[in-house]
Amino acid sequence: MKDSFDIIDQEIQSDLLHSPPVDFNFWKNALILVVNVTLGAILAALFSVILGVICGYDYNELANIISGNDPAADANLIRSILGVNQAFTFLLPGLLTGYIIYNAKWIAKLFLNIAPATKNWVIAVLILLCSLPFIQYTYFLNKMIPLPESWLAQENSAEVILELIMTYTASYQVILNVVLIGVLPALGEEIIFRGLIQKNIEWATKNGHLAIWVSAFIFSFIHFQFEGFIPRLLLGGILGYLFYYTRNLWVPIIAHFFNNGAQVMADFAFKEELSTLDVEGVESVPWYAAIISLILIIALFAWLKRNNPLPLKPSV
């Protein structure tokens with residue numbers, strides 16, 4: 001018996017695997033998404049300023065904090081701002097866009113109405129685990145590409161902010177970080193990049209592979225951290241294929257959460273001397289480890305595809 005939520009419209013789900021909704025309009029859907037994300041980003045900036053004022057900061061001080069130029073900034077304020085930005089820039093615009101363009105059946109049309117089969121999300125997590133050496137190897141290759149000084153300065157600012165929020169003065173802060181870095185990005189980014197962008201491009205072009213890599217490119221580019229552009233592009237591709245083969249958005253959501261959340265927990269364990277593994281201290285990955293990693297990724301995806309055959313198109 002399949003795992004599922006109480007409300008499942010199997011007929012709609014099956015139809016959407018083969019063709020877009022009857023009233024599908026790619027450009028209208030794209031415009032609605034862009035408008036919602038833009039408005040969400042504006043609201044996120046506004047609420048961030050309000051949070052800063054409440055905490056006693058003026059606009060210039062807040063700008064220094066957000067740009068990573070204040071290494072003594074309040075880490076909890078930064079966590080709050082990051083949470084607001086994730087919610088208003090990705091999660092809420094994604095949900096709102098789905099509701100506007102898909103109406104009453106928006107949960108089914110985002111492929112969120114069916115709980116993932118256990119075997120699928122377990123294999124998804126294994127794929128993410130096995131991909132770590134390959135992804136890390138591409139990160140070192142990416143760092144060899146010369147970048148403009150302004151881009152490198154932006155990278156350094158992001159590292160300062162990350163270091164601030166990954167410094168713990170109380171145990172509850174690791175839970176906040178799991179929510180901020182694991183839960184919110186997994187939900188918001190997967191709904192937008194896989195559930196909306198990838199699926200709409202696939203419906204428009206009839207080419208799932210093109211849709212996966214275009215959405216992965218946008219996913220990587222929009223982070224504006226170009227020292228990690230290639231590994232993030234590949235991660236987006238992996239998440240895209242997890243959605244493509246399982247036809248269930250919860251699978252890449254779980255994988256995305258595992259990828260981010262595991263890094264938070266590993267970093268916390270190292271800093272609390274509960275582990276000797278320093279996830280930030282890995283300096284290099286042998287080329288043969290990257291090749292083995294890639295072979296495992298391909299093998300696991302082949303298994304995933306074989307065990308999730310596309311249902312036959314319903315006869316008219």
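Let's start at Ser215, a residue of helix H9; helices here are DSSP runs of H or I with at least four residues, numbered from the N terminus. This is a predicted model, in which local features need pLDDT of at least 70 and side-chain atom pairs count only at pLDDT 80 or more, while totals for chains, interfaces and linings use all residues. Residues are numbered from 1 along each chain as its sequence is written, and side-chain values use heavy atoms, with hydrogens and water left out.

Is Ser215 buried or exposed? Ser215 counts as buried because its relative accessibility is 0%; buried means under 20% relative accessible area, exposed over 50%, and partly exposed in between, with a 1.4 Å probe and protein chains only. Leaving aside residues up to four places away in sequence, Ser215 touches Phe193, Ile197 and Gln198, where contact means heavy atoms within 4.5 Å.

Now look at helix H8, which covers residues 172-205. Its 34 residues, at 1.5 Å a residue, should span 50 Å, and the end C-alpha atoms are 46 Å apart, which agrees; the expected span is 1.5 Å times one less than the number of residues. H8 has a kink of about 35 degrees centred on Pro185, the bend being the angle between axes fitted to the seven residues ending there and the seven starting there. Of the 34 residues in H8, 26 are buried, so that the helix is mostly covered. Just after H8, Lys206 has a positive phi of about 60 degrees.

How many salt bridges are there? The count comes to two, taking a salt bridge as a side-chain nitrogen of Lys or Arg within 4 Å of a carboxyl oxygen of Asp or Glu. One joins Arg194 to Glu190, at 2.7 Å from N to O. Arg194 and Glu190 are about one helical turn apart because they sit four residues apart in helix H8. Both Arg194 and Glu190 are buried. Glu202 also forms a salt bridge with Lys199, with the closest N and O atoms 3.2 Å apart. This pair, Glu202 and Lys199, is three residues apart in helix H8, so about one helical turn separates them. Glu202 and Lys199 are both buried.

Finally, turn to the surface. Leu210, Val214, Phe217, Ile218, Phe221, Ile222 and Phe224 form a nonpolar patch with about 550 Å² of accessible area together. Phe224 lies in the loop between helix H9 (208-221) and helix H10 (229-246). With a relative accessible area of 38%, Phe224 is partly exposed. Patches are made of residues with over 30% relative accessible area and no salt bridge, joining like charges within 9 Å and nonpolar side chains (Val, Leu, Ile, Met, Phe, Trp, Tyr) within 5 Å. Accessible areas come from the Shrake-Rupley method with a 1.4 Å probe, and for residues only the protein chains shown count as cover.

Methods:
Helices (H or I, at least four residues) and strands (E, at least two) are DSSP runs, numbered from the N terminus.
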